[in-house]
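Colleague: I've got the model open. Can we walk through the ligand site and the strands next to it?

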Amino acid sequence: MELKEIRENAKKLCSKCYVCENCNGRACKGMIPGMGGKDSGEAFIRNVEAFKKVKINMSVIAENAPISTEFNWFGHKMSMPIFIAPLAGINNNYGASMSEYDYNLEAAKGADMANIMAFCGDGKDVDSLFVEPYKAMTSINDRAIITIKPWVKEGIDLRLKLIENENYACLAMDIDSAGLPLLRNSQIPVENKSVDSLCYVKNRINKPFIIKGIMNVDQALKAIDAGCDAIVVSNHGGRVCDETLATIEVLPEIAKACKNKIKVLIDGGIRSGYDIFKCLALGADGVLIGRPMGIAIIGGKAEGVKTYVDKLQDELKSVMVMTGCHNLHEITKDKVIVL
Ligand SMILES: Cc1cc2nc3c(=O)[nH]c(=O)nc-3n(C[C@H](O)[C@H](O)[C@H](O)COP(=O)(O)O)c2cc1C
């Protein structure tokens, strides 16, 4: 299956996403529900645009050895450091009539085929937006990363109890969902999490704990204090707060503060192997991709994921050749120039 065919299929199936060739937040700005960034949409747009300010530093006088993109995530061997980002509300946001179960099943199957890993999301309706996604993913393998929203204790306890005996890889919390109006006003609401309440979650699980939604060094240090194992530098794809910096802009400082302490992932605007290379060079261990993965899943199911990941891997490997890198550890800061 070709990428063009995947996009054409997705275009027919999505009534709320324009399936733009370049998914940059311009056509859909402010569209929530929908695929846009919040309000002016500038945070989403900036996430994408900021990658243009990072340039590749070509360096081809190098040893002519094989190139490997292999990656290890808490004992799980992966073909490259890519994760499918959690996306909830497929019907409501893409306007595609695919159930949450089927979406997450295809995401997990595709991740399995491509040997990457996938996060599943969470939402107000515990059965359709939390249970169905994790059940779908855990039916494929033990590599699901289950994400929970920053609910008040009652909502956290309910979800942790549900997954108590499930075989999954890591637990994540998208702490940046604390301000989402729909969730803030629900019967069991979300809240801002203190270091203590994050410690509470970490102490209740025996899996790596990932905190998603970190945008500065102070927050990263608090995540470390809470005992988390990894963070995702993320502004939720620009969907939770307008006018933020781009994630790639804040990454270098955060990665420096976290070095040798916890792992650092990043998402927001990552579209190509070039973008992945730039993230790794600026200190990330790996990347999450949101909206374009959704298009790949809706338009091409598991095979769509594999096709997209293959393209990303070809691009990443070609940049590695052109910068003299043979493995991910060799992708260092001097391999890029920040304008
Ligand atoms: C429609 C939609 C639904 C999302 N749902 C969730 C979710 O349930 N949990 C979560 O942590 N992030 C969620 N996100 C944020 C993504 O996981 C990710 O941070 C963001 O999409 C990355 O930016 P990108 O789409 O530019 O790659 C959602 C994003 C979109 C567009």
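Colleague: Which residues come nearest to the ligand?

Modeller: First, this is a predicted model, so to speak: local features need pLDDT of at least 70, side-chain atom pairs count only at pLDDT 80 or more, and totals for chains, interfaces and linings use all residues. Residues are numbered from 1 along each chain as its sequence is written, and side-chain values use heavy atoms, with hydrogens and water left out. There are 23 residues around the ligand, each with a heavy atom within 4 Å of it. Those that come nearest are Pro 86, Asp 267, Arg 271, Gly 290 and Arg 291.

Colleague: How far is a polar side-chain atom of Asp 267 from an oxygen atom of the ligand?

Modeller: Polar contacts here are pairs of N or O atoms within 3.5 Å. Lys 149 has a side-chain N or O atom 3.3 Å from a ligand nitrogen, and a polar backbone atom of Gly 269 is 3.0 Å from a ligand oxygen. For the Asp 267 side chain, the distance to a ligand oxygen is 2.6 Å.

Colleague: Which residue in strand 11 stands opposite Asp 267?

Modeller: Strands are DSSP runs (E, at least two residues), numbered from the N terminus, and two of them pair if DSSP finds at least two bridges between them. Strand 10 (residues 263–267) runs parallel to strand 11, joined by three bridges. Opposite Asp 267 stands Leu 288.

Colleague: In strand 11, which residues point the other way from Gly 286 and Leu 288?

Modeller: In a regular strand, side chains alternate between the two faces of the sheet. Strand 11 spans residues 286–289, and all four are buried (under 20% relative accessible area, 1.4 Å probe, protein chains only). Pointing the other way are Val 287 and Ile 289.

Technical notes: A polar contact is a pair of N or O atoms within 3.5 Å; within protein, one must be able to donate a hydrogen and the other to accept it, and residues adjacent in sequence count only if both atoms are side-chain atoms. Buried means under 20% relative accessible area, exposed over 50%, partly exposed in between (1.4 Å probe, protein chains only).
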